[in-house]
Amino acid sequence: MSTHGDYIENVLREEYTSIRVFKDDEGSKTELFQHNKTDNKLVKITSKNMNDHVFRILRGFRHTNLPTILDVCACEDHICVLEAYVEGETLESVLKKGILPHNVAIGYMLDICAALVFLHSQQIIHRDIKP
């Protein structure tokens, strides 16, 4: 692992508590951490998809419809991304409740389009849009 990767792992181990695993499969793991003193939350994404250049472009940008990328580390066989946790319900869970009112669905679509416009302005093409 890289020195930066070791640093990230040490900080998470010493200053944060893992409170939830959102996803854990062969290619990636997404985990929610909470700071032991401030209660601030962040998401750690570990992925074998070595697309760290995308996250490096986004690091530091603020956009209403995207999580803020806090840090990115490329290790030998995976990348590690730390991003701000966005409180709220996922679109997937909202859609499971049934058909959305027309105006609510349009609002979600406009938010998604705004995020995509921003990504495209950074020469990033999102190829996996799903709830």
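This is a short tour of the structure, stop by stop.

**Before you start**

The model is predicted, so local features need pLDDT of at least 70, side-chain atom pairs count only at pLDDT 80 or more, and totals for chains, interfaces and linings use all residues. Residues are numbered from 1 along each chain as its sequence is written, and side-chain values use heavy atoms, with hydrogens and water left out.

**Stop 1: the sheet**

Show the cartoon. Look for an open sheet of 5 strands in the order β1-β2-β3-β5-β4, paired antiparallel. Strands (E, at least two residues) and helices (H or I, at least four) are DSSP runs, numbered from the N terminus. Two strands pair if DSSP finds at least two bridges between them.

Select 16-24, then 69-74. These are β1 and β4, the edge strands; each has a single partner, so one side of each is left without a neighbour in the sheet. On average, neighbouring strands are turned by 20 degrees against each other, direction ignored. Axes here are lines fitted to C-alpha atoms, for helices over the stretch in contact, and angles run from 0 to 180 degrees between N-to-C directions.

Select 28-35 and 41-47. These are β2 and β3, antiparallel and joined by 7 bridges. Pick T30 and find I45 opposite it in β3.

**Stop 2: the helix on the sheet**

Select 3-15. This is helix α1, which packs on the sheet and touches β1, β2, β3, β4 and β5 (79-84). Contact means heavy atoms within 4.5 Å. The direction of α1 makes about 130 degrees with that of β4.

**Stop 3: the hairpin**

Go to β4 and β5. A hairpin of 4 residues joins them. The two strands run antiparallel, with 5 bridges between them. Pick A74: its bridge partner in β5 is I79.

**Stop 4: the cores**

Select F55, L58, I69, V81, L119 and I124. Of the 14 residues in the largest nonpolar core, these touch the most other members. β3, α2 (52-58), β4, β5 and α4 (102-121) each supply at least two residues of this core. Such a core is a set of buried Ala, Val, Leu, Ile, Met, Phe, Trp, Tyr and Cys residues joined through side-chain atoms within 4.5 Å. Buried means under 20% relative accessible area, exposed over 50%, partly exposed in between (1.4 Å probe, protein chains only).

Zoom in on L119. Leaving out residues up to four places away in sequence, L119 touches L58, L66, I124 and H126. Another core, of 9 residues, lies apart from the largest one; I8, L12, Y16 and C75 are among its members.

**Stop 5: the aromatic pairs**

The whole structure has 2 aromatic pairs. Rings of Phe, Tyr and Trp (its six-membered ring) pair if their centres lie within 6.5 Å; planes under 30 degrees apart count as stacked, over 60 as edge-to-face and the rest as tilted.

Select F22 and Y85. Their ring centres are 6.4 Å apart and their planes at 15 degrees, so the pair is stacked. F22 is in β1 and Y85 in the loop between β5 and α3 (91-96), 63 residues apart.

Now select F61 and F118. Their ring centres are 5.4 Å apart with planes at 75 degrees, so this pair is edge-to-face. F61 is partly exposed at 35% relative accessibility, whereas F118 is buried at 14%.

**Stop 6: the cysteines**

How many disulfides does the structure hold? It holds 0. A disulfide is a pair of cysteine sulfur atoms within 2.5 Å.

Select C73, which is buried at 2% relative accessible area. The nearest cysteine sulfur to that of C73 belongs to C75, 3.8 Å away. Last, pick C80. Its sulfur is 6.2 Å from the closest cysteine sulfur, in C73, too far for a bond.
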